[in-house]
Amino acid sequence: MLFTEFKNYAKENIINYLTPDYEGAEMNIRTINKSNGYSYEALSISKPGEKCSIIPALDLTRAYKEYQQGANLDDIIENLADIRMNAK
């Protein structure tokens, strides 16, 4: 699977691993440029009605590397969902 396909798969399927309060969530993929020179593609997920200015950026670049190294795709997506749901 190419990175573009991976990003689309993650965006389309992560909802299956999120709790029902994420139904109708807004999802965006964007590039994050860190001050240390690291750049990555990130998925952000906003719950409907959420009024938060800070939303976790789920690192799809790192997740894709895990996939390329043989990690199970569904396990990766589930882990990303867990990160989002446990973010405070």
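**The sheet and its helices**

Tutor: Ile29 stands opposite Leu43 in strand E2. The model is a predicted one, in which local features need pLDDT of at least 70 and side-chain atom pairs count only at pLDDT 80 or more, while totals for chains, interfaces and linings use all residues. Residues are numbered from 1 along each chain as its sequence is written, and side-chain values use heavy atoms, with hydrogens and water left out.

Strands (E, at least two residues) and helices (H or I, at least four) are DSSP runs, numbered from the N terminus. Strand E2 covers residues 39-46, runs antiparallel to E1 and is joined to E1 by eight bridges. Two strands are said to pair if DSSP finds at least two bridges between them. E1 and E2 form a hairpin with five residues between them. In that turn, Gly37 has a positive phi of about 95 degrees.

The sheet is open and has three strands in the order E1-E2-E3, with antiparallel pairing. Its edges are E1 (26-33) and E3 (58-59), each of which pairs on one side only. Helix H1 (residues 3-13) packs on this sheet and touches both E1 and E2; contact here means heavy atoms within 4.5 Å. The direction of H1 makes about 20 degrees with that of E2. Axes are lines fitted to C-alpha atoms, for helices over the stretch in contact, and angles run from 0 to 180 degrees between N-to-C directions.

Side chains of opposite charge can pair when their charged atoms come close. A salt bridge requires a side-chain nitrogen of Lys or Arg within 4 Å of a carboxyl oxygen of Asp or Glu, and by this rule the count comes to three.

We turn now to the helices. H1 and H2 pack at an angle of about 110 degrees, with their axes 10 Å apart. H1 is therefore roughly perpendicular to H2; the classes are roughly parallel under 35 degrees, roughly antiparallel over 145, roughly perpendicular from 65 to 115, and oblique for the rest. Their crossing is right-handed, a term for a near helix turned clockwise from the far one by less than a right angle, whereas anticlockwise is left-handed. Phe3, Phe6, Lys7 and Ala10 of H1 touch Leu60, Thr61, Ala63, Tyr64 and Tyr67 of H2. By class, this contact has seven nonpolar, one polar and one charged residues. Ala, Val, Leu, Ile, Met, Phe, Trp, Tyr, Cys and Pro count as nonpolar, Asp, Glu, Lys and Arg as charged, and the others, Gly among them, as polar.

The axes of H1 and H3 come within 10 Å and cross at roughly 60 degrees, which means that H1 is oblique to H3. This crossing is right-handed. Here Phe6, Tyr9, Ala10 and Asn13 in H1 meet Leu73, Asp74, Ile76 and Ile77 in H3.

Finally, H2 (residues 60-68) and H3 (residues 73-86) have axes that come within 10 Å and cross at roughly 155 degrees, so H2 is roughly antiparallel to H3. Leu60, Ala63, Glu66 and Tyr67 of H2 make the contact with Leu73, Ile76 and Leu80 of H3. Six of these residues are nonpolar, none is polar and one is charged.
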